[in-house]
Each structure stands twice: as structure tokens, then as C-alpha cells.
Amino acid sequence: MAWFRAGSGVVKLAIRRTLSQSSSYVMRTKVARAQNQQFHTTVFKSKPQSAPIPRPVPLSRLTDSFLDGTSSVYLEELQRAWEKDPNSVDESWDNFFRNFVGRATTSPGISGQTIQESMRLLLLVRAYQVYGHMKAKLDPLDLEHRPIPDDLDPALYGFTEADLDREFFIGVWRMSGFLSENRPVQSLRSILTRLEQAYCGSIGYEYMHIADREKCNWLRDKIETPTSRQYNRQRREVILDRLIWSTQFENFLATKWTAAKRFGLEGCETLIPGMKEMFDRSADLGVESIVIGMSHRGRLNVLGNVVRKPLRQIFSEFSGGTKPVNEVGLYTGTGDVKYHLGTSYDRPTRGGKRIHLSLVANPSHLEAVDPVVVGKTRAKQYYSNDVDRTKNMGILIHGDGSFAGQGVVYETLHLSALPNYTTGGTIHIVVNNQVAFTTDPRSGRSSQYCTDVAKALSAPIFHVNGDDVEAVVYVCELAAEWRQTFHTDVVVDIVCYRRFGHNEIDEPSFTQPKMYKVIRNHPSALEIYQNKLLESGQVSKEDVDKINSKVLSILNEEFLASKDYVPRRRDWLSAYWMGFKSPEQLSRIRNTGVKPEILKNVGKAITTIPETFKPHRAVKRIFDDRAKMIETGEGIDWAVGEALAFATLLVEGNHVRLSGQDVERGTFSHRHAVLHDQETGDKYCPLDHVMMNQNEEMFTVSNSSLSEFGVLGFELGYSMENPNSLVLWEAQFGDFANGAQVIFDQFLSSGESKWLRQTGLVVLLPHGYDGQGPEHSSARLERFLQVLPFFSCAHSYTHTLDMNCIACGLPP
């Protein structure tokens, strides 16, 4: 297919030039509303023209105006050579001519098909694959009127109404979907109908920016299958039940607490059945644990209906119970607003499995939780020995404005394929209200879609109309399948709306009067789906009433129970951290020392370089000096003390992870934790060889991307998973930590107070007043002392500021 990719641009330009010289037909398509996704007819209407339309001609009569220059001669020579000896041409051309000629001789219906028509038809199919999303019915409010690209007009490729019932063969070697070799002969009408159904219905697919043929073919097989997606009655009843739960939950809150802020999901209720089906499919594909991060919009609905936080607890929080009551000897913190809180739950799935869900607590800084979730997911993979990264997965739910506007989104995306940060792919769901607080999309981003940033990762993007619940379910399942198949990021963009303002006491018509005039008269997704099922006869009015009655009964029962509900600290605290002291309690100072013989043994290991390894001569001298320090016990510097601390922790069975910009060598060329062979470029990390058969990830030191906000958030999330590990983040300079100030302020300094979430993260800030001016002398320690009651060296976080470390003798 290399010839096809390389020549497609030239061919299209030549087609345009040829047809523009003689005028062309204009196609008008009539497509039903997004709900039924049926392509009815294609009607051609001619423009006034001064010359007749050129008809497709056999290869021998092709003009240079079509294939530009000598291309037609080249094709003709290729065909003649192939006729004499098929092995004389490239395999792709052999397949092309073999399929074309073979089909033409056996099927009278395509006896008149020329290579010119074949190539034009290939370009038309490709145009739908590339631009079909521009014609898809994505906006449930139908306010967006996007121009349909000329590339989707069959007349551009020389086809007329007379060609609609002609049969064509378009099979191509090593392609899938419409272009696969084994596709049957089809009429142009059926080809156009299926293309419209596949690419221009309620789902718009963007995947042609992905360079990997295997991935594109996998998606083509899913998208272009001859049979439209169909759900049986049982599946549709499950989807309906889940949509009713989502809708009734919001209605119930709106009725009971009319003036309360809840950042409801009205306008995107289909998110809930979509997420549930995604989790069910993920569990079927081997996922055992999912970490979720999201901002306010719909968070309470996700907590109650997906992660199964007790409804009585949520209702209690509306009555002021957002802070745990005092329990003897336990720190209760300050509490936080209800739509910032998280929880965890082992959820049963439709397939009979169980999947652990945890929704991470996060602040009003919308996307700040993104790297925290990814880091926590990576930690789960390490502690569960999930080396294939198929059992633990992260899911991030974004808003359209924040996904396009917040820099930490890009920082997090670009961790996705880095060796010590990858999690095997994150699923991103965008709740696309088409308004960011009060800002219109045209003022909030410079790109066509809010999701365009994800194209930098070659991630597929599925845009879907939020009113079509079955389409939402389908792409959510497809995203789970993609993640488990290719282990890379994928984006689901649910194009929806907010039925109310940014919160329920806002007046949205101040800034979006036209939109909200339409919204006031727009039916809910539940009304649309109920009517569809009732009309099809798959459910009855009694079935719908029965589900509604059941849901309302449970909601009322939980509301009554909420009046006696008392929040407890144990509802919030992670099990791993039970028994740790609270901030208002002093920990017992324990001896962290290590016996001298152990220090000497590990000291030899961390200063020994294999004889066959050729380090830089300056580094060789450094390691020779370190070996003398270990032998004599004199002159031990910071780098050696730090390495000894790491090594002794490893010997004791503790996981150690250090990341940040240039931490392998160290900003001041002091650490040299990873050595580079000057002849081969191979790497050697002495701390990976402290013990026999040491797990290579037990000690991790990794240069990060040039990011503070994203990487510190990642390490924070990693450290939250297990208290019995040493997780460190090092700023390149101490004052460079200000690039991650949101993480310091919103998570590190206040996370335990707000959410009772503890962390053992150690922050290293290499820094000093070393004559480099104010740019590198602005890291004020008082900014960090509010965060860390114990400011530590690398070996232990249990000694106070005025104590030297017993193990390494260095000050904290």
C-alpha cells in the first residue's frame, strides 16, 4: 500500500483539476437523524455545465491529466509486465492486478471497471475514513453546522448517478474493512450506504493519523463490518436500567436539595451506562483493578452508581456530614466538599467477575489528579507483579475545556510511553458539554476538537453523540478492547450538553442564550431511548414503570437511612495506612542505624563496576574514590551516603523509586546512579545488583520528562499505594519545584487534612546560595515545611530536623 499512500495526494489533485475543467456533479445526501443511523438515498444533481462529463476510460486510454505526468504510462507498463510475469512486479501490485483482472473476468457486473475507477473508488473510501467524522451527527443539540468536506462527494471522483447500481470490486492486499481482499463485489450504492452508516452516524472516528497499519486495520474491521451493531433485548434492558439509575439519581437530588451545588450529569446521563459497560468489558478482558480520576461534573453520580459509594452516605453529605466525627485517638481532619471526595469498591460485573474500583479524591484544580491516577496505577502494577500491565488500568474523565486548556493533561499524556512511567494505556473520557464554565469552545481552544492534543500520542479518538446511549456504550466497550489489545491510550469524546449552568444555581442564559433556548425543549437521553425501545416493542410501558418504581423506592429508602448515618474515619482511610500516626501525634523516634558489616558489604556492591564495562574515565575515578571511602569509612560524601541508604533499604526488602529530571546522573554530576559504557552505550546501575537475582524494578532510578507538575503528581500517586516503600522526587534545582506548586498546595500539604489520604513521598530539593543569582536562589524552605513535618534525607523520614541520620551520618 506504499504506492497508494504516496500517490493519494497527487491523484486527488489531478482528479480535481480534470473534473474542474469540465464541471462536475454535486452529491446531496439524505441521512436520517442520529437515532436510527440509516443512510437512505444518494441523489445527484447536476450543476449547469459547459462541457460533457468525462467518462472513465480503460487503462490504455488514460490521459496524463488524471495521473499527472508519466504516471499513466508507468501503470500501463506495470500491467504489461505483470501480464508476462507476475513475479516481476512488487507484491502489492501483483495482488492489485490479480484481484482486479480476476474479478473482472468472472463477474459480468464489473466487466467495465477500469483501473482509473478502482483508484478513484479507493480514494473515496479513504476520504470517508479520514473525513467521515466531519459529517457525523455528533451534536445532540444540532447547533453545530460544520461544512461537509468536498472529499466526501462521489462526483469529485468521477462517479455519477448512473454508477450507483454498478458493481465494483475494491479489495486491496493487506488491508481490512472495505478494502480487504475478500470483500464481495458491491454496488456503488451499497458501498456509499455502508460508508455513511459506519462513519457518518452517531460516532465520528479519528484514527487515520495512526501510522501503524495493524492498529488501523484492527479498527477498520470493528468499524466497517457489514452488520451494524445490534444489542439483543437482554442487553438493552440492562442499558435502560442503568440509564434510568443515572437519570433518577440526578432528579432525586434536584428534588430534595433544590439549591445545593452538585455539578449534576443532566445532559450526559449516558456516561453512567457507558462506564459500567466499559468496566464489564474490561473485566472480561482480564482487568482486575481500575483507578479513576475525574473532576466535579457528574462525580456524585459516578460515586453512587458506578463505584457504589453508599447512597445514604452521599445524602448525608448534602445535610452537612462531610467530615468524620471525632473518634477517640484518631485525627479527623477538616473534611471537604462532597464532590471532591473519593472511595473504593469491589464491583461485581455483568459477566460474573469482580473488579476493584477506586476513585481518587481531588481538588478544584480540574486536571491535577491526572498524573496522580497514573502513578497510583503504575504502583498497583508493581505491587501485584502485573508485568504485562493488563490487570490494572487507569481511567481519566475530563471536561472539554480543561482537556484542551490545562497543561498537566499534556504532561500526563507524554508519560504514557516512557519506560518507568507507562501503565499500558489510559482510557480518557471527555464529558464534552460544549461550554467550559461560561466560555464557548471558540474562545477556549485553537483546534477543531478539544481532543486534538491526544493525536500527538497517535491515540484513536471516538467522538460520540451523548444522546445515543447505545453508541456511547459501543465506543466505551471499543475503548476497553483497544486498551487491552494495544496497551496505549485511547480517547472517548462524549459530545453532550449541560441542562443547567456550571452549577445548579448559575444562570447559563447570561452567556449562552441560544444554546439554552434549545436545551429547554430538548428531550433527555432517557426519553429518547425509552421511546426507541417502546416503538420497537422490545420493552413495554410496564417494564419501564417497573424499573422506575424500583429505583425510586431504593433512593427513598437510602434517603431515610441517611438521617441516622454518622460518617466515620474508617470510611475514608486506605487499609494500607491503618495504624500510622496522625499529624497531631508524635511518632516514636527509632534507631535507623545499620551494622557496619552490612554497610561494607553493600558498599562494595555499589562501588564495583564489571571489568568488561567501560565507564567514562572521570566516572571511573569517582567510583575508585567511593570504594576507598567504603574501605576506610572516611570522607563519605552525600552521594555515597545516599547510595548506602538506598542499598540497605533494598537489602531489607523495601522498594525504592527515585525519579525527576536528570536524577540518574544528578543535576550537579554527583549521583552517577546509572553509568554509560563509552564504547557501546550500554547502561549499568550498581544498585540493581545489591542482591542476587534482584528484581530489576525493586530499585528504580529514572530520568523523567522535562516536567515538574506531572511527574511530582505521578510520584505522589505512586507513594500513596504502599507506605512500606521509599518513593522520592527530586527537583532539578530546588526552586524548580514551583512548577509543581499545585501538587504541593492541593495534595501534599492538605491531602490528609481534607481526605485523610497519607503519603510517604520524599521530596529532594538540590539547592544552595551558590552565586547564581535570584533565578536559582528562590526556593524558600518555609514553603515546604508546611508540607513535611519531617524534612528528610534519603534514608529515613522518621527523624526530626535537628538530627543527623544514624545510618549515613548526614544532616536531613
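Okay, ground rules. Because the model is predicted, local features need pLDDT of at least 70 and side-chain atom pairs count only at pLDDT 80 or more, while totals for chains, interfaces and linings use all residues. Residues are numbered from 1 along each chain as its sequence is written, and side-chain values use heavy atoms, with hydrogens and water left out.

So, the big picture. The protein has 26 helices and 18 strands; those are DSSP runs, H or I of at least four residues for helices and E of at least two for strands, numbered from the N terminus. It has 812 residues, and 58% of them count as buried. Buried here is under 20% relative accessible area, exposed is over 50%, and partly exposed is in between, with a 1.4 Å probe and protein chains only. The protein exposes about 34400 Å², with carbon and sulfur atoms supplying 50% of that; the areas are Shrake-Rupley, 1.4 Å probe, and for residues only the protein chains shown count as cover. Take the contacts between residues at least 6 apart in sequence: 76% of them join residues at least 24 apart. A contact is heavy atoms within 4.5 Å.

Now to the sheet. Which order do its strands take? It's an open sheet of four, running β16-β13-β17-β18, with parallel pairing. For two strands to pair, DSSP has to find at least two bridges between them. At the edges sit β16 (699-703) and β18 (762-764), each pairing on one side only. From one strand to the next, the twist averages 15°; axes are lines fitted to C-alpha atoms, for helices over the stretch in contact, and angles run from 0 to 180 degrees between N-to-C directions. Strand β17, residues 725-730, is joined to the parallel β18 by three bridges, and Leu728 has Val762 in β18 as its bridge partner.

What packs on this sheet? Helix α22, residues 638-651, touches β13, β16, β17 and β18, and its direction makes about 140° with that of β13. Then there's helix α23, residues 709-720, lying across β13 and β17 and running at about 170° to β17.

Let's stay with β13 for a moment, and look at the loop between β13 (655-660) and β14 (675-676), where Arg671 is found. Is Arg671 buried or exposed? Buried, at 5% relative accessibility. Beyond its neighbours within four places in sequence, Arg671 has contacts that include Glu642, Leu658, Glu730 and Leu764.

His672 is in that β13 to β14 loop too, and is buried at 7% relative accessibility. His672 also has a positive phi of about 50°, although it's not a glycine. As a reminder, most residues other than glycine have a negative phi.

Phe437 is another non-glycine with a positive phi, about 60°. Phe437 lies in the loop between β10 (426-432) and α15 (441-444), and with a relative accessible area of 47% Phe437 is partly exposed.

Last stop: Leu478, in helix α16, residues 469-486. Leu478 is buried, with a relative accessible area of 3%. How far apart are Leu478 and Leu219? In sequence, 259 residues; in space, 9.1 Å, C-alpha to C-alpha. Leaving aside neighbours within four places in sequence, Leu478 is in contact with Leu219, along with Tyr205, Trp218, Lys222 and Phe462.
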